[in-house]
Amino acid sequence: MSQPLTQNKWRSFPKTHKWILLACLLGIATTATLAGFEKKQRALAHIAEHDALSGFLAASQHSNKEPLNTTGEPASPTATLDNVEPLEIPGPLSLEYTVSAGDSLSTIFQQFRISSDTLHAILEADEDLLALDSLKEGTKLALTLNNSSDFEQALASMEVFKNPSYSIIYHRVDDTHFSFEEKRAETFWQEHVYSGTIHGSFFKSAEKTGLNPKEIQSAIEILQDKINFSRQIKAGDRFEIVVLREVTETENTGNMRIEGVRVHTNGNVVGAFLHDDGQYYNKNGQSLTTRAFRRLPTHREYRVSSHFNPNRRHPITGRISPHNGTDFAAPIGTPVLATADGVVSRVRNHPYAGIYVEIEHAGGSFKTRYLHLSKAQVNRGQRVKSGQQIALSGNTGRSTGPHLHYEVHVNNRPVNALGNNVPLVTSIDKQAMPKFNSKVAALEHKMAQHADGS
Ligand SMILES: [Zn+2]
């Protein structure tokens, strides 16, 4: 009677029952072990995910491909990733992002955990466009992330919508390269005629007629060498402006150009009319800016080490990678000169373009850029004169040797600085005058009609 009940019962079980019971117990024990293993594996997967993300963030912040151990201690021996399935991103994933104030591509990529390697690859593709260097507030981005287990390769493409008619798509070519493709929608130019009388400032008076600030500023810049808008203009003076605004089927792109402007002041008419070379001339065909474009951005001529080439192929990807400028083999420290009067619109340091300066000329219809500088000597917003020293040449960014990369853009498109599109003349040549004269006559007719009607 001293023996425990269980022992008695065990003994009393038939032999077959004993075997069944043992098999059941073994089964339970196995299940319990497996459950524990699964739990452990889930935990490991979680660790792996966490490490991948923190490594990823670390990579984008420190340009370091090795995931950083945040504690600084050696990784736990149990945290081996060998038997853990790689993390899958469901995809392809499309994301939209609207640029807000203070954003740069770098901060945006950090938010999406896109690596600094990808950032550099895309900035490299943008070297001859420099479109990603001026992401305005409100610009929309469309990102496509690949179905990939490797976060660092996840960005497949990015489209940047610069305005309703123009976007750029950066496509991944391989692990370390992107190429770009520009998309331009069909647009139309709508003509608008404005006229008014000065009461107060020219700016305020022009605004009242329906012209926007960008258009008024552009008109002022076109005539700035001929009229002192702050002192010369007085109440009762009149003005007429013909402006073209670019529209798509549905929207205004924000691009515009002044076709002609006239100011009646002090018994004179001061007029400026756009010629098909992109420059403004008075009705006699003489340039309004006393200085035309300089041919070269330096005092003396340096050997051209690489020409403007819209069809250049990238040596590694084989894709079209235009060379939008002319490279001059100028030694480091060569004074760089503004090639026309203008306003400094950018002074930046780019990982590939290096230190660079951009200047807008003639109310924005022309732009020049000077890349790989050792030192910029002007600030954004500064007004510069043709021939004024703005920088020292250098070898910054990705550059195979000291040189000055010089670009000219006409109406937002790059042109050969040494070609025919750059206005180097101070008056329209004789053959082109009949065409110019008839354009001026048509514009003046519209101006006079509008002025009478208002
Ligand atoms: Zn170049």
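**Helix H7, buried side.** I looked up which residues of H7 are buried, meaning that 20 or more other C-beta atoms lie within 10 Å of their own, with C-beta atoms placed from the backbone. They are Phe436, Val440, Leu443 and Met447. Their arc around the axis, taken from the directions from the helix axis to the C-beta atoms, is only 70°, which puts them on the same side of H7.

**Basis.** I am working on a predicted model, where local features need pLDDT of at least 70, side-chain atom pairs count only at pLDDT 80 or more, and totals for chains, interfaces and linings use all residues. Residues are numbered from 1 along each chain as its sequence is written. Helices (H or I, at least four residues) and strands (E, at least two) are DSSP runs, numbered from the N terminus.

**H7, other side and length.** On the face turned away from the buried side I found the exposed residues (12 or fewer such C-beta atoms, with partly exposed in between) Pro434, Lys435, Ser438, Ala441, His445, Asp452 and Gly453. I then checked the span of H7, residues 433-453. The expected value is 1.5 Å times one less than the number of residues. For these 21 residues that should be 30 Å, and the end C-alpha atoms are 30 Å apart, which agrees.

I took two strands as paired if DSSP finds at least two bridges between them. E7 and E8 run antiparallel with nine bridges and form a hairpin with four residues between them. E8 and E9, also antiparallel, are joined by six bridges. Their hairpin has two residues between the strands, and Asn266 in the turn has a positive phi of about 55°. I followed Arg262 of E8 both ways: Glu240 is its bridge partner on one hand, and Gly271 in E9 on the other.

**Five-strand sheet.** I noted an open sheet in the order E1-E2-E3-E4-E5, with antiparallel pairing. Strands E1 (93-98) and E5 (177-184) stand at the edges with a single partner strand each, so one side of each is left without a neighbour in the sheet. The twist averages 20° from one strand to the next, with axes as lines fitted to C-alpha atoms, for helices over the stretch in contact, and angles from 0 to 180 degrees between N-to-C directions. Six bridges join E2 (residues 140-145) to E3 (residues 155-163); Leu141 stands opposite Val160 in E3. Helix H4 (residues 116-125) packs on the sheet, touching E3, E4 (166-174) and E5, and its direction makes about 50° with that of E5.

Notes
Contact = placed C-beta atoms within 7 Å.
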